[in-house]
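Please open the structure in a viewer and keep the sequence beside it.

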Amino acid sequence: MPDFAELQFTTPAMRILENEHRYLSFLMEEWHAIVLWFEQEKISVEEGRTRVQELRKGVLDFTGPLKKHKAKEETHFFPLLGTYIGFEQGPLVGIQEEHSEIDGYIGHFLHHTNSGIELMSLEEIREAVRYAGEAFEVLTVHFVKEENVIYPMAENQMNALDKERLSQKLNTLIT
């Protein structure tokens with residue numbers, strides 16, 4: 001992850017997206033700590049059930065802002081950048097596929113923990129938690145790719161008018 005002391009981008013639109021990544025990363029770290037807790041060897045099923053409920057709440061609190069961030073990228077940013085770099089191949093294709101992959105992992109976790117947690121075995125809980133862990137891993141790499149490939153492309157290739165219009169469209173809260 002980038003150093004949080006300084007923002008990397010100068011274009012307001014890219015700074016908005018970069019700041020959203022920081023906020024999302026903060027939220028992710030909170031629930032990822034619970035994922036890591038499950039890697040301990042000696043956990044009682046009662047502890048596991050309690051902690052998976054905490055994890056579920058953290059993931060649910062995270063999904064709202066994540067959805068808003070992704071909607072901004074998919075509705076405004078990707079279509080505009082695609083006019084510069086193309087839509088059929090290249091980095092935009094992979095980034096958009098990762099959005100689906102992230103949704104899949106989070107969806108699986110939420111599905112498996114939607115009801116009946118009080119009846120789940122420790123192994124079933126750990127299996128569900130693995131989906132949240134996979135979502136964290138994909139998200140972490142995804143943010144790095146966007147900040148090191150996609151956002152710099154936009155900053156370097158978009159004209160000033162497009163950057164300004166994009167900034168106006170992205171300047172909304174995700175919380």
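The tour goes from the whole chain to single residues.

**Before starting.** This is a predicted model, in which local features need pLDDT of at least 70 and side-chain atom pairs count only at pLDDT 80 or more, while totals for chains, interfaces and linings use all residues. Residues are numbered from 1 along each chain as its sequence is written, and side-chain values use heavy atoms, with hydrogens and water left out.

**The whole chain.** Display the protein chain as a cartoon: there are five helices and zero strands. Helices (H or I, at least four residues) and strands (E, at least two) are DSSP runs, numbered from the N terminus. The C-alpha atoms fill a box of roughly 55 × 35 × 25 Å, taken along the principal axes. Of the 175 residues, 45% are buried; buried means under 20% relative accessible area, exposed over 50%, and partly exposed in between (1.4 Å probe, protein chains only).

**Helix α1.** Select residues 12-37, which form helix α1 with its 26 residues. From first C-alpha to last, α1 reaches 38 Å, close to the 38 Å expected at 1.5 Å a residue; the expected span is 1.5 Å times one less than the number of residues. Next, find E30, where α1 bends by about 30°. The bend is the angle between axes fitted to the seven residues ending at a residue and the seven starting there.

**The largest core.** Which residues have the most contacts inside the largest nonpolar core? Select W31, F38, L55, F62, I106 and F109, within a core of 31 residues. Such a core is a set of buried Ala, Val, Leu, Ile, Met, Phe, Trp, Tyr and Cys residues joined through side-chain atoms within 4.5 Å. Two or more residues each come from α1, α2 (45-85), α3 (91-112) and α4 (122-157), and α4 gives the largest share, 10 residues. In soluble globular proteins, nonpolar side chains tend to be buried together.

Now centre the view on F109. Leaving aside residues up to four places away in sequence, F109 touches V52, L55, R56, V59, A128, V129, Y131 and A132, where contact means heavy atoms within 4.5 Å.

Move on to T113, in the loop between α3 and α4. T113 counts as buried because its relative accessibility is 1%. With the same exclusion of residues up to four places away, T113 touches V52, R56 and A128.

**Aromatic rings.** The whole structure holds six aromatic pairs. Rings of Phe, Tyr and Trp (its six-membered ring) pair if their centres lie within 6.5 Å; planes under 30 degrees apart count as stacked, over 60 as edge-to-face and the rest as tilted. Select W31 and F136, an edge-to-face pair with 6.1 Å centre to centre and 85° between the planes. W31 lies in helix α1 and F136 in helix α4, so this pair ties together parts that are 105 residues apart in sequence. Both W31 and F136 are buried.

Then select F77 and F78, a tilted pair with 5.7 Å between centres and 45° between the planes. Together with F9 and Y151, F77 and F78 form one aromatic cluster.

**The last stop.** Finally, select L173, in the segment after α5 (160-170). Is L173 buried or exposed? L173 is exposed, because its relative accessible area is 71%. L173 and K68 are 105 residues apart in sequence and 8.2 Å apart in space, C-alpha to C-alpha.
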